[in-house]
Amino acid sequence: MAVAPWAVLLLEAATAGCGAWGVVRVERLRALADDRRLTRLAWFFGLLSASFLVQLVGTALVVGAHGRPTRFGGVAVLQHGLLIAALVVAVVAYTPPWKGAAPVVTLFGPAGVLVFAEVALALYLAALAFVNQRRRRNLGSMKVAAGFLLLALGHLGFLAADLIQLRAARPLWAEALAFAGVLLLATSVPRRRAAL
Amino acid sequence: MTKPYRSRSRLVLDIMRALRESPGGTQVTRLLAAANLTHPRLLEHLRELTAKGWIEEAGQEGRRAWRLTATGQGVAAELERMEVAMADFGLRL
């Protein structure tokens, strides 16, 4: 089934917007009481949003080229760099980051390794969030766990598309999963009441 | 053993919770115990919170005491929501 390019662009723009929304929510809370964990959460959402914004530019370049070869290697590296930075910031917020770090996997090739790292980091965060959810057993912690899991599954979709060489390098369903994940994470940050 | 990190918002919440327990006013000894701070550090925080309009002085029998303002009540509630949300992320405020 062919997917309209505008749908992918729209979904990527919406995901970037959700990330930015997360920054706004965290920043409004930080105005009440600054906190280095909230600062990291703001950076996580900001870098995530920037990563999807850069990806939007990349997708637009590909769509605009109408099948002609394009030079967007720099854009792709920037997008992966931003996303990995976002996930690393989130991992650092949780725990000393390099304990038990897995050895670098070279199975996936240079581009695949970046996506693999993104999936691994997001899955790690999802696992931590699910352990936390088992303890807390409330809706909020479930949303956070589901958010990280969907973000990881979305990127797992990109990795699978890369590995089995699907027609679309970034399939729409994977974009939708990533979008849903970021949406859940952003809505897990409470909205500051306007009266204060 | 190193003491666990206590964020600024956690500290503010601890102080505000202690103040909320006594709506008429909380004296400094009670606040020192609740906030686990030195006297000068506690006074520094109290001055800052007063300047923000979150707390106000309420003298009790000639002794200094503080209580939450209406804005402070709202801020304390917001910080508690933030605490729950951070815990949902698996993080401590």
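Predicted model: local features only at pLDDT ≥ 70, side-chain atom pairs only at ≥ 80, totals over all residues.
Residues are numbered from 1 along each chain as its sequence is written, while chains are lettered from A in the order in which they are written. Local features need pLDDT of at least 70, side-chain atom pairs count only at pLDDT 80 or more, and totals for chains, interfaces and linings use all residues; side-chain values use heavy atoms, with hydrogens and water left out.

Trainee: What pattern does chain A follow along the sequence?

Mentor: Helices (H or I, at least four residues) and strands (E, at least two) are DSSP runs, numbered from the N terminus. Chain A has six helices and zero strands. Read along the sequence, its pattern is therefore α-α-α-α-α-α.

Trainee: Which helix of chain A has the highest mean pLDDT?

Mentor: The pLDDT is the predictor's confidence in each residue, from 0 to 100. Its mean over chain A is 83, and 82% of the residues reach 70 or more. Over residues 97-106 of chain A the value is below 50. Among the elements of chain A, helix 4 (residues 109-136) has the lowest mean, 85, and the highest, 94, belongs to helix 6 (residues 172-187).

Trainee: Is Glu118(A) buried or exposed?

Mentor: Glu118(A) lies in helix 4 of chain A, and its side chain joins that of His80(A) in a polar contact of 2.8 Å. A polar contact is a pair of N or O atoms within 3.5 Å; within protein, one must be able to donate a hydrogen and the other to accept it, and residues adjacent in sequence count only if both atoms are side-chain atoms. Buried means under 20% relative accessible area, exposed over 50%, and partly exposed in between (1.4 Å probe, protein chains only). Because its relative accessibility is 1%, Glu118(A) counts as buried.

Trainee: Which element of chain B gives the most residues to the side that touches chain A?

Mentor: Contact means heavy atoms within 4.5 Å, and 23 residues of chain B are in contact with 26 residues of chain A. There are eight residue pairs in polar contact between the chains, both at pLDDT 80 or more. The elements giving two or more residues to the chain B side are helix 1 (8-21) and helix 4 (70-88) of chain B. With twelve residues, the one that gives the most is helix 4 of chain B.

Trainee: Which residue of chain A forms a salt bridge with Asp88(B)?

Mentor: A salt bridge is a side-chain nitrogen of Lys or Arg within 4 Å of a carboxyl oxygen of Asp or Glu. Between chain B and chain A the count is one. In that pairing with Asp88(B), the closest N and O atoms are 2.9 Å apart, and the partner is Arg136(A).

Trainee: How many residues apart in sequence are the parts that Arg10(B) and Glu83(B) tie together?

Mentor: Arg10(B) and Glu83(B) form a salt bridge, the closest N and O atoms being 2.8 Å apart, and both residues are buried. Arg10(B) lies in helix 1 of chain B and Glu83(B) in helix 4 of chain B, so the separation of the parts they tie together is 73 residues.

Trainee: What separates Asp14(B) and Arg10(B) in helix 1 of chain B?

Mentor: The side chains of Asp14(B) and Arg10(B) also meet in a salt bridge, at 3.4 Å from N to O. Because they are four residues apart in helix 1 of chain B, the separation is about one helical turn.
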